[in-house]
Amino acid sequence: MDFRFNFFPDEDESKEPSAQRETQPCSPTGEHIEKRLAETKACIKAAKEHHIPADASKVLENKVLETASGLYYVNMSVVELTCQDGTHEEDIVSKSVSSHSDLIPGVYEGGLKIWECTYDLMDFLSEAEIQFANKTVLDLGCGAGLLGIVALRGNAEEVHFQDYNSTVIEEITMPNVVANCINAGNKADSEDDRKNIKPPSKRRKKSECLPDKLTKCRFFSGGWSEVSQLLLSSSKPWSKYDLILTSETIYNPDYYSALHDTLAQLLAKNGRVYLASKVHYFGVGGGTYLFEKFLEERKVFRSSIVKEVEEGLKRFILEIAFKDST
Ligand SMILES: C[S@@+](CC[C@H](N)C(=O)[O-])C[C@H]1O[C@@H](n2cnc3c(N)ncnc32)[C@H](O)[C@@H]1O
């Protein structure tokens, strides 16, 4: 898959970045400009919880299902086509297309694609036989949400999904989770399964309960700091995460502080973070070694490389834990 890191948005976008429109209602003039620039750099976006409709199959309307590594996921090109109808306030598909970029800082952070380190981390979780049973898991910067779906399949007690963009949560993450939960038991991993996959035809009645696994899921969009605050102030019972899974989320060093503090606030005392990343993100500046150095300087976490992938651009899986954890 071809990834584009174009950090020079179109002229029109640089005049009025839409992330600022979404997070700051007043116009960016005079004394507000400097504050706005700082906020955009730190990637402030209000947090929101998204709820699965009572009739869960509704989220699969107009979706085409495919499979990868034994999991169902929606065809992203179809989503991209249907999302250009102006019904999504974020309008990230049009913005991504017009700026020729898979990342527009503060506007669109890449969740419409499945990035290759997701597959590295899925392989690692399976090879290392990481146990999910009875654990609370966060798929941080989830995009398609495949890592969280793996945890659900492994009988995690609860799985939460976070993405920066609400469009990604509504159009991709939630449909993927629903498709895998509704089809639980029909593991989508044979060649035959890859052909002619259709969303389940039988509609659940409104009064019907959600499949058991779906009741274990929660979905959030927004910036990391904002989602942490929402969770920490939530009246719903919630316990810190035993496992945080995150793939291709350390490309931009401007976000390291927010990411670090989010991990520190949300990880259980003896929990583990598994983070998959490329060695370096050309044109953006982040990468595995830079993030490790950042962690060292903050002195909160210890980290170690638990897997290296040599083919193509080097990629790593980091295991991160609190310095004083067991
Ligand atoms: C490159 S995408 C990777 C998506 C997915 N994990 C994968 O590997 O396919 C990076 C993800 O990190 C999240 N992200 C990046 N910066 C963020 C920020 N400052 N606040 C919240 N989420 C952020 C976005 O949700 C985005 O989907």
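**Exercise 1. List the buried residues of helix H7 in this predicted model.**

Solution. The buried residues of H7 are Leu 146, Leu 147, Gly 148, Ile 149, Val 150, Ala 151 and Leu 152. The helix spans residues 146–153, and seven of its eight residues are buried. H7 is thus mostly covered. Asn 155 follows H7 and has a positive phi, near 70°.

**Exercise 2. Classify the packing of helices H9 and H10.**

Solution. Start with the axes. H9 (residues 224–232) and H10 (residues 256–266) have axes that come within 9 Å and cross at roughly 20°. Angles under 35 degrees count as roughly parallel, so H9 is roughly parallel to H10. The crossing is left-handed. Next, the contacts. From H9, Trp 224, Ser 225, Ser 228, Gln 229, Leu 231 and Leu 232 meet Ala 258, Leu 259, Thr 262, Gln 265 and Leu 266 of H10. Sorted by type, the contact residues are six nonpolar, five polar and no charged.

**Exercise 3. Find what the salt bridge between Arg 218 and Glu 49 ties together.**

Solution. The closest N and O atoms of the pair are 2.8 Å apart. Arg 218 sits in strand E6 (residues 217–221) and Glu 49 in strand E1 (residues 48–50), so the bridge ties together parts 169 residues apart in sequence. Both Arg 218 and Glu 49 are buried.

**Exercise 4. Decide whether Arg 272 and Glu 319 are buried or partly exposed.**

Solution. Buried means under 20% relative accessible area. Arg 272 has 17%, so Arg 272 counts as buried. Glu 319 has 21%, so Glu 319 is partly exposed. The two form a salt bridge, with the closest N and O atoms 4.0 Å apart.

Technical notes: Residues numbered from 1 in each chain as written. Predicted model: local features only at pLDDT ≥ 70, side-chain atom pairs only at ≥ 80, totals over all residues. Heavy atoms only, no water. Buried < 20%, exposed > 50% of the residue type's maximum accessible area, 1.4 Å probe, protein only. Helix = DSSP H or I, 4+ residues; strand = E, 2+ residues; numbered from the N terminus. Axes fitted to C-alpha atoms, helices over the stretch in contact; angles between N-to-C directions. Parallel < 35°, antiparallel > 145°, perpendicular 65-115°, else oblique. Left-handed = near helix turned anticlockwise from the far one by under 90°. Contact = heavy atoms within 4.5 Å. Nonpolar A, V, L, I, M, F, W, Y, C, P; charged D, E, K, R; others polar. Salt bridge = Lys/Arg side-chain N within 4 Å of Asp/Glu carboxyl O.
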